[in-house]
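Please work through the following exercises with the sequence and the model open beside you. Each task is followed by a solution that goes step by step.

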Number of protein chains: 2
Amino acid sequence: MSSTYEIKPENKVRQLREKASYEIEKVHGILDAGLIAHAAFVQDGAPVVVPMIYGRDGETVYLHGARKARVIKMLEKTERCCINVTQVDGLVLARSAFNSSMQYRSVTVFGKPVLVTDEAEKIRALKIISDHLMPGRWDELRDSHDKEIKMTGVIAVKIESASAKIAAAMPDDEPEDYDIDIWAGIIPITTQLHDLVNDTRLAKGLKPSAVVRKLQGRIV
Amino acid sequence: MSSTYEIKPENKVRQLREKASYEIEKVHGILDAGLIAHAAFVQDGAPVVVPMIYGRDGETVYLHGARKARVIKMLEKTERCCINVTQVDGLVLARSAFNSSMQYRSVTVFGKPVLVTDEAEKIRALKIISDHLMPGRWDELRDSHDKEIKMTGVIAVKIESASAKIAAAMPDDEPEDYDIDIWAGIIPITTQLHDLVNDTRLAKGLKPSAVVRKLQGRIV
């Protein structure tokens, strides 16, 4: 298998090309780091974008929703969706407004959404989505009831094309602007998981497992 | 003016309706808190979603890009766009996979994108976008060159309909699941601005202004 995605009209990065990457490893890495995906579809000719919980298995992105949710029903019957996962990493304070920007990691994926109907694949996909957000938690929980699995919708999107865009640099100012008497640099931004907060209905003395404790402090 | 957006087919929340809000104040609040927006449009019948820097002025969302970027050229000539801004606030670890979820604040806006061509409005919009991400910085920077303004594209989207969805609760488990011997609760997630990092090309001894120092520590 090639180590990069083919560059097609739909995934070709035209702006800030020096930040673009078509490497499969980079695309997977950003997908795996993110918490939510933004999935876009066309409904009656108009665009709709919805934030969704997701997970990745090889070249397949699994999107999660209620079985009867509009987003699942629309994705089920549409030919095409576009998924973006973006992590903001910093503000770039340049010496001009024009050169001020952000640091980020972003991935855009195109593919055909398919409703997962096979029950075994659906359960596998749900575990992948759960493990994406809370690794190991799935195995600690009770088995899902048939009714719960039926009420859940999973959409599989095989990656047909994709691109990543990564901005991680210091300000890039006009040569003459370096003489301006103004501070320039970066303000890093992190998205971070914090300390556990007990459910208000938690049974007295019940402690979190090692799997749960390990989730704390994760930086996206 | 009404204090809520009219509920139309496009912005009606059908799932988890108890988390939905059409209050203008809530929609504005979430828009103002976010760092990036995801804007979706239709290109040749297919959906495309792009993360964008933005700002809000009253009922108008301004989106920012390079004038020649695909997203600006497409938004310029399309009739409709959908914008979502979502902030992830926590993982909800319930006693089952089915009831596990996330805490979040999310806004979806629908409207007609219009390219801003009037130079005075464009500069005003650029200041609004800059102030959204880095309040006060615009006024410290040199004036933008005409060429820079020409190279920048700003799209105005007047909010025609919108909805917010806010999930902020503890796990909501099945009555019988509260007897399961497993920890449940929340893992809060924040997106946070950290301490300044000097540009590698910063002139010796140049200190950040009060405006810049104030950006540190902001929690989104």
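**Exercise 1.** In which sense do strand 4 of chain B and strand 8 of chain B pair, and over how many bridges?

*Solution.* This is a predicted model, so the pairing is read from computed coordinates. Strand 4 of chain B, residues 60–66, pairs with strand 8 of chain B in the antiparallel sense, and seven bridges join the two.

Next, look for another partner of strand 8 of chain B: strand 7 of chain B, residues 113–115, runs antiparallel to strand 8 of chain B and is joined to it by three bridges. Here Val114(B) stands opposite Ala156(B). Finally, consider how covered strand 8 of chain B is: of its seven residues, 152–158, five are buried, and the strand is therefore described as mostly covered.

**Exercise 2.** Which residues of helix 2 of chain A are buried, and against which strands do they pack?

*Solution.* Helix 2 of chain A spans residues 70–77, and its buried residues are Val71(A), Ile72(A) and Leu75(A). Because these three cover an arc of only 95° around the axis, they lie on the same side of helix 2 of chain A. The strands of chain A against which the buried residues of helix 2 pack include strand 2 (37–43), strand 3 (46–57), strand 4 (60–66) and strand 8 (152–158).

**Exercise 3.** How many residues of chain A are in contact with chain B, and which element of chain A gives the most to that side?

*Solution.* Begin with the count: 77 residues of chain A are in contact with 77 residues of chain B. Strand 10 of chain A gives the most to the side of chain A that touches chain B, namely nine residues. By class, that side of chain A has 46 nonpolar, 20 polar and eleven charged residues. Pairing also crosses between the chains, since strand 11 of chain A and strand 10 of chain B are antiparallel partners over two bridges, with Ile186(B) as the bridge partner of Val197(A).

**Exercise 4.** What rotation superposes chain A on chain B?

*Solution.* The rotation is one of 180°, with 0.0 Å of shift along its axis, and the RMSD is 0.0 Å. The two copies are thus related as by a two-fold rotation axis. The residue of chain A that comes closest to this axis is Thr191(A), at 2.1 Å for its C-alpha. The same surface serves both copies, as 100% of the contact residues of chain A recur in chain B.

Definitions and conventions. Residues are numbered from 1 along each chain as its sequence is written. Chains are lettered from A and ligands numbered from 1 in the order in which they are written. This is a predicted model: local features need pLDDT of at least 70, side-chain atom pairs count only at pLDDT 80 or more; totals for chains, interfaces and linings use all residues. A residue is buried if 20 or more other C-beta atoms lie within 10 Å of its own, exposed if 12 or fewer, and partly exposed in between; C-beta atoms are placed from the backbone. Helices (H or I, at least four residues) and strands (E, at least two) are DSSP runs, numbered from the N terminus. The arc is that of the directions from the helix axis to the C-beta atoms. Two residues are in contact if their C-beta atoms, placed from the backbone, lie within 7 Å. Ala, Val, Leu, Ile, Met, Phe, Trp, Tyr, Cys and Pro count as nonpolar, Asp, Glu, Lys and Arg as charged, and the others, Gly among them, as polar. Copies are superposed by least squares on the C-alpha atoms of residues with pLDDT of at least 70 in both.
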